[in-house]
Amino acid sequence: MRHPRMAHAGVLLFSVAGLMAMALPRMASTESRPLLDAPRASPTGLEPRAVALGDFDADGLQDVVTANHAAGTVSVLWSRGDGTLVPGGDQPTGSRPTAVAVGDFDGDGHLDVVTSHFAGTVSVLLGRGDGTFESRTEHPVGAEPTSVDVGDFDGDGRLDVVTSNEMDDSVSVLLNRGAGKFAHHRDVHTGTNPFAVAVGDVNHDGKADLVTANFVDTVSVMLGNGDGTFRPRTDFATGNAPYSVAVVDVDGDGKQDLVTANFRGRSVSVLHGDGTGTFPSRADFPVRGGPYFVAPGDFNGDGTLDLVTSNYSENTVSLLPGQGHGAFGTDTLLPTGEGPAAVAVGLLDGDLKPDVVTANARGNDVSVLRASASADLGVALTAVPRRGMSAPRLDYTLTVTQHGPDPLTRAVITVALPPGLQATTRDCHVAAGALLCEVGPLAVGDSARLRFSAPLPRSSLGLSYRITATRTDSVPADLHPANDVASQDYVSLGGLTATWW
């Protein structure tokens, strides 16, 4: 039996007193902060089920478009370049749009929009380049298409269209004949209930292939022949009830992998590709929600892809941190608007870090979750012994460097002193058994140097000491703790010298 119809996803600073209060108890803790900021809502038409990004008004900024199921429209929201959106107006599509994708179909340099509809059609809206569109043209496809994507399937340099048709277990391929006109659709069989289709070159032959996420716990891979036709499908198992699929190299081996969002399985499945169009191994990773849609992005700037899912029933997105080699850690839940049916990832501001947009079907809006500002502070500690019979000492230099990606507002470095050792300084605040050193603001690449001295008591002969400097707080958050601690060890030889190891 087919499943009951569900809402389908679419394609696509510190005062001295404050420093004292936060000092030593935080030294052993690690900072935890979401990689995305709190959501900002912008209204759309009724029941947006799909979202895509593109520069529709040619201002160099990525805008947002949604397919509004109940309204029978698309909503365009123009980007201000700071992560906020301005409503750009709604435009009619066919009845009950289910998905949306973008591309330049008529070759005029302006982005166009295509939507799929339950009635078995797609609407093509040609862009004027100012954020508005010409009246739609309609093209028939298979029964009840639930997603749409674009790619050049016949190698003529023009973008074609493909839909996944839930009710007749097929994809419909519409070849572009130029000027935004399309040939009658050709259908290719898939697995049962193909909810989503994605385009990618999974066998590295330079020809576009198709992948569908089938609600019966499989994906279907249809390798392209390069002339607009496709080979018979090969199916591969996934988690339970995949609603969407992404084609992306998640393990960094240069071969395309598949990632599905498994609604009933409350998981994502990663199917590792071998570069020939087959996927011999799979790993599932739990999601604390029923994910409708999955998209990749490097949200913490470590060079490894992370995953974000939109969880329709829970009004959240799950962010799964990439751990390398196609593995993912425990998800972080972040709130969205009501009923996030789809998610898109792109650059909505100028910080070159991916942001997240969800289409909230029950909330009649989109949520923008900007990538959080973050720092990467490097802490270094050097020391020079100063000889003296009456007052030998160690002169320390604490260097704090901001490696980015965002400017530092302020940071606190706590320097722990061993018992019995005092310190003098003009650059830090002296607390019981510690120094509290505040730095900032710092631009990316800049360093701050703070100095302090530790007199050696005469009774220290033969004793060993360790001084440790630790970043205990920063604004913005430091998500890379590996270089946050520096230590210096020494053995005191009384007033003569100190030796290091």
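## Strands β2 and β3

Two strands pair if DSSP finds at least two bridges between them. Strands here, like helices, are DSSP runs numbered from the N terminus (E, at least two residues, for strands; H or I, at least four, for helices). With that in hand, take β2 and β3 (residues 63-68): they run antiparallel and share six bridges. Across this pairing, Leu53 faces Val64 of β3. Strand β2 (residues 48-54) is well covered, with seven of its seven residues buried. Buried means under 20% relative accessible area, exposed is over 50%, and partly exposed lies in between (1.4 Å probe, protein chains only).

A word on the model: it is predicted, so local features need pLDDT of at least 70 and side-chain atom pairs count only at pLDDT 80 or more, while totals for chains, interfaces and linings use all residues. Residues are numbered from 1 along each chain as its sequence is written, and side-chain values use heavy atoms, with hydrogens and water left out.

## The nonpolar cores

A nonpolar core is a set of buried Ala, Val, Leu, Ile, Met, Phe, Trp, Tyr and Cys residues joined through side-chain atoms within 4.5 Å. The largest one has 30 residues, and Tyr396, Phe452 and Leu381 are among those with the most contacts inside it. Elements giving two or more residues to this core include β34 (377-386), β35 (393-402) and β40 (447-455). Apart from it sits another core, of 24 residues, including Leu35, Val64, Leu77 and Leu85.

Who touches Phe452? Leaving aside neighbours within four places in sequence, its contacts (heavy atoms within 4.5 Å) include Leu381, Tyr396, Val415 and Ile467.

## Aromatic pairs

Rings of Phe, Tyr and Trp (its six-membered ring) pair if their centres lie within 6.5 Å; planes under 30 degrees apart count as stacked, over 60 as edge-to-face and the rest as tilted. The structure holds 13 such pairs. Phe56 and Phe133 have ring centres 5.8 Å apart and planes at 65°, so they go down as edge-to-face. Phe56 is in the loop between β2 and β3, and Phe133 is 77 residues away in the loop between β8 (121-125) and β9 (137-140). Phe56 is buried at 2% relative accessibility, and Phe133 is buried at 3%.

Tyr396 and Phe452 are stacked, at 4.9 Å centre to centre with 10° between the planes. This pair links strand β35 to strand β40, 56 residues apart.
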